[in-house]
Amino acid sequence: MHTIYTDVLVIGGGLAGQRAAIGARRRGQEVIVLSLVPAKRSHSAAAQGGMQASLGNCLGGAGDNEDIHFADTVRGSDWGADQEVVRMFAHTAPKAIRELAAWGVPWNRVERGEREITVDGKKQTIREADAAHGLITSRNFGGTQKWRACYVSDGTGHAMLYTMSNQAIAAGIPVHERMEALALIHADGRCHGAIVRNLMSGELVAYVARATCIATGGFGRIYRVSTNAVINEGMGAAIALETGVAALGNMEAIQFHPTGIFPAGILVTEGCRGDGGLLLDGAEHRFMPDYEPEKKELASRDVVSRRMEEHIAAGHGAKTRFGEHLWLDIRLLGAAHIDTKLREVKEICQYFLGVDPVRELIPVRPAQHYSMGGVRTDHHGHSPQLRGLFAVGEAACWDMHGFNRLGGNSVAETVVAGMIVGEAIADFCESPEGALTLSTALVEDFGRREARHLATISDGHGDENAFDLIRRMQETMTAKVGIFRHAERLEEAVSSLQDLQRRSRNISLRSSAAGANPELVAAYRLQRMLKLAQCVAYGALQRTESRGAHYRADFPRRDDANWMRRTLAVWPDAKATLPNLGYEPLDIMRMEIPPGWRGYGARDYIENPQTALRQEQIEAVLATLEGADPETRQAALMPFKHLLPEHLRGPNQRLGEQS
Amino acid sequence: MTQIPVQQLGRTLQIEILRHNPRDPDSVPHLQTFEVEEADAMTLFIALNEIRETQDPSLQFDFVCRAGICGSCGMIINGRPGLACRTLTHQLPQRITLAPLPAFELIGDLSVNTGKWMRGMSERLETWVHRQDLEQSDLDSLEAPMEPQLAEQLYELERCIECGCCIAACGTAQMREDFVGAVGLNQITRFRLDPRDERSDAQFYELVGDETGVFGCMTLLGCEDMCPKDLPLATQIAFLRRRMVMAG
């Protein structure tokens, strides 16, 4: 088998993978990036509205800092996140954005003087400070106390990805395009690279590496209605699961974005609402203030999506032959704003709906959008179970999002985690543990196993059709493991998925086309997607509470007494149709912010007795530190800087502060 | 009241596709016609997937975002390059002819290797900010300010999605393989405009000051006419040509 040796193998060429690759390369490691598609076509490019970083340059962001970003993210996660990771993230985000600014991203900038904005349906005039002129500006997003989403019109992800890709090209990092990792090579708890299939020729190649990093993004395509690109099938997470060793965390935590255009499910950015757009029902009534008086359209995505579906279920949707939907109204923002700050949205509306959003309403309905779960890692992006395996970005459960991610925190995570994990990968490669010690027989074994598996599918004489089974899986997930979940429907989903898993071993291909053969690709990906789908459905069935985006109609309250726990799924038996689920505790006694009300959404939750104890402890610690600076007070509650690479520990300068 | 576009007439589309699989020694390029029942709000993305799922699973094509932003699905649609994912069938006649973009290496059927071409272009034109201190950037201090209008101008040029439609529509690119095309020249104007890039006009001249670069353009304007992102490509090329004449 053709074998390629490298220090670092990054699987996935989006923002997270490329930033981690650049980090490791700068430390002198040889790096190869594998990508299903040309790197600049990765799904990172689809991020529209912004990247959260607490710069606080514009008026709406004034007074912002890491503490507020941290608190917003923890509340957004519904206390499901690892708070140390959130601290690492919030502290590094301003550095990440400044790095990208130096590298060439044309971030929109503050313009001094008066300008008109739209807040709560009304026009206001504000005045931006002279001193802020030319610094990076930001817009409002859901679930945040400050305007913190830094943006490049509504092509933020595109601009970031192009800059990142160009810097990776400058660094001489090869991207092997149209290559798909089929299996991780591993033995005795150590990962050694991957068996990879060329999606042009169909040839199998072994990539042997000291460190392997999964950066393949989310797995939204297990759902029928998703904003995700068609490549977001979660193959990185799936091959980690198929090791039987590495665990996936919180797979049931799936985000639904409030504004997928109806019925295609293509995303229009949260920036539409951040900039002042409103949600209207079938009677063109603005309904969100009725449900969420505090944050209205700008509560977190899980809350807004739930309220929208609730409102439709109450009979207030707009009815069409495709089904029911609601309206997004950005007309009040005006042509000048839409033509400069929401131009991709305008193009999408024109091309896919024949709608001009300057004059007309946009039909929307929540659609699957983001996978909070993924390959479980430690603070450094390293799998605790499988050494030498790292994960970064949406593919990982690093766990800064818990059970709901805030808008603008995903692209921010990609680059921040890339900066941190790239260093950790280099540290690992430089350590004795990172030495390459595998036998070539092991590589051959894995190669033969994958070749046999493909041959089994190609030579199959069953009566099942891969495309048909994919559709059934997607329909099951959208119908039964969606926004509102219930034991009965989840049990049906689990059983349907088990049935589909059995049927997926009985496929016959109609085509034996030379090369990659798209039908064969669909067949082997289906088997892996079904495992991910089962982790989601089965995890959702077992979690008998409602937290963030995971809402159980039969257990509508967040249950801190029993469910301050992260789900871990492993799949040790390849023939099994269910994962093994385990749980790891989220320790309230170590939290900087113990569980409470989020500031929006349900006020009713089941308290954990430790919450009051921790709250008392925090008050006692802070009482001894009166007059101390915020950094000292924070460090006394939950130190985190030791977890960051040294060069990322410095304080972030803000407007009006000395450097 | 706003309405979702609905095609009321039940048409049967005849989709004729230029097929060829270079991996198969017996394959000869040929046109194959598929019949598809037109559905409401159907795009070529939906139609091609339906053909693959129900009629010919070997059909090759590329889609990623299916939202018109990633540039994967450029192809020749009834003689004109465009993005298949956002092309609604109801805007096309009943007979639709699809062919792969010319000037790129054919992978199979409608799939071409734009990624390899674009990477080659990026490496050759060094399409990144050139700066001495990039690795040592101080990440703790305030970012360097930039005029708001300049940032917007840069984004205007950076909206290119490297789909390859401008190359497919370019007379020069059909005649000389080494022409960097509107996509390359536009990127040069983007980095030339960016004060963070320290390269001089003389250095840009080294990159594009010949017939494979800005002097290869015949001003046929196909690039600008066919650009799915409506980038002002002809203006940018004309501007760059003047600058390069001065620099040369």
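A: In this predicted model, chain A and chain B together bury about 6,900 Å². Carbon and sulfur atoms account for 54% of that buried area. Counted by residues, the interface brings 97 residues of chain A into contact with 79 residues of chain B.

The charged and polar links across this interface may be taken next. Between chain A and chain B, 13 salt bridges are found. In one salt bridge, the side chain of K341(A) meets that of E152(B), with 3.4 Å from N to O. Polar contacts across the interface of chain A and chain B amount to 46 residue pairs, with both residues at pLDDT 80 or more.

Which elements of chain A give two or more residues to the side that touches chain B? They are the helices α3 (83-103), α4 (156-170), α9 (335-341), α10 (343-353), α13 (466-480) and α15 (518-542), together with the strand β8 (175-177). The largest share comes from α4(A), which supplies 8 residues. Sorted by class, the side of chain A that touches chain B holds 47 nonpolar, 27 polar and 23 charged residues.

Chain B also has an interface within itself. Its domain assignment gives domain 1, residues 12-112, and domain 2, made up of residues 126-130 and 147-247. The centres of these two domains of chain B, taken over C-alpha atoms, are 29 Å apart. Here 15 residues of domain 1 of chain B are in contact with 12 residues of domain 2 of chain B. The area buried between the two domains of chain B is about 1,000 Å², and carbon and sulfur atoms give 66% of it.

How many salt bridges are counted between domain 1 and domain 2 of chain B? The count is 0. Polar contact between these domains of chain B is found for 2 residue pairs, both residues being at pLDDT 80 or more. On the side of domain 1 of chain B that touches domain 2 of chain B, the strands β3 (74-77) and β4 (80-83) of chain B each supply at least two residues. The largest share of that side, 4 residues, comes from β4(B). By class, the side of domain 1 of chain B that touches domain 2 of chain B consists of 9 nonpolar, 4 polar and 2 charged residues.

Key
Residues numbered from 1 in each chain as written. Chains lettered and ligands numbered in written order. Predicted model: local features only at pLDDT ≥ 70, side-chain atom pairs only at ≥ 80, totals over all residues. Heavy atoms only, no water. Contact = heavy atoms within 4.5 Å. Buried area = accessible area lost by both parts, 1.4 Å probe. Salt bridge = Lys/Arg side-chain N within 4 Å of Asp/Glu carboxyl O. Polar contact = N/O pair within 3.5 Å; in protein donor to acceptor, adjacent residues only side chain to side chain. Nonpolar A, V, L, I, M, F, W, Y, C, P; charged D, E, K, R; others polar. Domains from an automatic or database assignment.
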